[in-house]
Amino acid sequence: MAAPGAGDAIAPVESLNEGGSSDIVLVCEHAGNRLPPGYGTLGLPAAEFERHIAYDIGAGALTEALSRRLDAPAFFGTLSRLLVDLNRPFGVPSSMPVLSEATEIPGNRDLDAEERERRRRLVFAPFHDRLARFLDARDAAGRRTRLAAIHSFTPVFLGRSRPWHAGVLFEPPEAYGRTVLDALRAEPDLEIGENEPYRIDRDEDYAIPVHGTDRGYPAVLVEVRNDLLGSPDAIARWAERLAHALTLPLTTDEVSHVRA
Ligand SMILES: [Zn+2]
């Protein structure tokens with residue numbers, strides 16, 4: 001694989017509405033399916049980059065719709081999660097996966113330390129440094145922040161159908177997660193998973209623990225089944241219901257964390 005030159009980088013992060021008035025900061029790490037020059041298709045047929053293994057189908061459009069509806073800042077990962085998964089601690093096996101669902105990723109086999117470091121500098125560090133600087137500035141300005149990460153999941157994973165329309169994932173303190181979960185469950189036609197189809201795990205997740213919980217922000221991760229995000233109307237409907245759920249007052253005192 002040819003090493004990319006320093007001038008070839010695609011910005012790994014895009015933002016919307018950084019000056020937005022909302023307390024909510026949206027993060028969509030898996031919005032994009034691009035690869036920087038020099039990486040080809042990581043040895044995969046190009047069609048694999050249209051699948052959920054490469055990005056969260058519909059999640060970017062949903063996050064954009066939410067950002068506009070809420071007047072909320074939003075940060076998007078532009079590059080495929082197969083290159084570096086922005087929602088993993090850098091360097092864990094799933095951060096540059098050799099296997100995703102049942103698909104082998106030839107371009108991730110036997111990565112040496114130099115290539116790992118190149119990807120960290122190209123993708124992981126700029127994305128998370130930019131988000132951290134943005135949040136630092138909000139803290140310094142005394143702004144209240146809630147962090148909401150928006151993802152989508154595949155209806156069938158390794159041959160098993162998933163029953164949920166959406167999942168709400170959270171770790172302690174749970175006030176925000178429970179509020180969002182209860183709000184979505186109030187719609188009788190929706191099957192909403194609690195910490196499904198995944199759970200937040202500090203060893204396998206990044207944005208919620210590091211940019212949310214560790215800063216003292218109410219933080220929640222929402223996963224919407226990707227076949228429910230197939231049209232602009234469907235996306236608008238999910239944006240409407242999530243905008244409602246994410247902005248409800250919390251049952252316990254919301255922590256307002258301002259860094260010294
Ligand atoms: Zn995701």
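The structure is a predicted model, in which local features need pLDDT of at least 70 and side-chain atom pairs count only at pLDDT 80 or more, while totals for chains, interfaces and linings use all residues. Residues are numbered from 1 along each chain as its sequence is written, and side-chain values use heavy atoms, with hydrogens and water left out.

## The chain as a whole

The secondary structure of the chain consists of 5 helices and 11 strands. Helices (H or I, at least four residues) and strands (E, at least two) are DSSP runs, numbered from the N terminus. The chain has a radius of gyration of 18 Å, close to the 18 Å that the globule rule gives for 260 residues, so it is as compact as a globular protein of that length. This radius is taken over C-alpha atoms, and the globule rule is 2.2 Å times the number of residues to the power 0.38. Along the principal axes, the C-alpha atoms fill a box of roughly 50 × 45 × 30 Å.

Of the 260 residues in the chain, 54% are buried. Buried means under 20% relative accessible area, exposed means over 50%, and partly exposed lies in between (1.4 Å probe, protein chains only).

## Two helix pairs that share H5

Helix H5 (residues 232-246) packs with helix H1 (residues 59-70), and H5 also packs with helix H3 (residues 175-185). The table gives the geometry of each pair. Axes are lines fitted to C-alpha atoms, for helices over the stretch in contact, and angles run from 0 to 180 degrees between N-to-C directions.

| Helix pair | Angle | Distance between axes |
|---|---|---|
| H1 and H5 | about 55 degrees | 9 Å |
| H3 and H5 | about 135 degrees | 8 Å |

Angles under 35 degrees count as roughly parallel, over 145 as roughly antiparallel, 65 to 115 as roughly perpendicular and the rest as oblique. H1 and H5 are therefore oblique to each other, and H3 and H5 are therefore oblique to each other. A crossing is left-handed if the near helix is turned anticlockwise from the far one by less than a right angle, and right-handed if clockwise.

H1 passes H5 in a right-handed crossing. On the H1 side, the contact is made by Ala 61, Leu 62, Ala 65, Leu 66, Arg 69 and Leu 70. The H5 residues in this contact include Ile 235, Trp 238, Glu 240 and Leu 242. By class, the contact of H1 with H5 has 12 nonpolar, no polar and 2 charged residues. In this classification, Ala, Val, Leu, Ile, Met, Phe, Trp, Tyr, Cys and Pro count as nonpolar, Asp, Glu, Lys and Arg as charged, and the others, Gly among them, as polar.

H3 and H5 also make a right-handed crossing. Here Tyr 176, Val 180, Ala 183 and Leu 184 in H3 meet Arg 241, Leu 242, Ala 245 and Leu 246 in H5. The contact of H3 with H5 divides into 7 nonpolar, no polar and 1 charged residue.

## Individual residues

Ile 208 belongs to helix H4 (residues 207-212) and, at 1% relative accessibility, counts as buried. Not counting residues up to four places away in sequence, Ile 208 touches several residues, including Leu 147, Glu 171, Ile 200 and Val 220. Its C-alpha atom is separated by 9.4 Å from that of Leu 169, 39 residues apart along the chain.

Asn 226 lies in the loop between strand S11 (219-225) and H5. With 11% relative accessibility, Asn 226 counts as buried. Its contacts, not counting residues up to four places away in sequence, are His 52, Ile 57, Ser 152, Phe 153, Thr 154 and Pro 155.

Pro 173 is placed in the loop between strand S9 (166-169) and H3, and is exposed, with a relative accessible area of 61%. The peptide bond from Pro 172 to Pro 173 is cis, with omega near -5 degrees. Another cis peptide bond runs from Glu 196 to Pro 197, with omega near 0 degrees.

Leu 42, in the loop between strand S2 (24-28) and H1, has a positive phi of about 55 degrees although it is not a glycine. Leu 42 is buried, with a relative accessible area of 2%. Glu 101 is found in the loop between strand S4 (99-100) and strand S5 (103-104), and its phi is near 50 degrees, a positive value in a residue other than glycine. Glu 101 is buried, with a relative accessible area of 18%.

Conventions:
Contact means heavy atoms within 4.5 Å.
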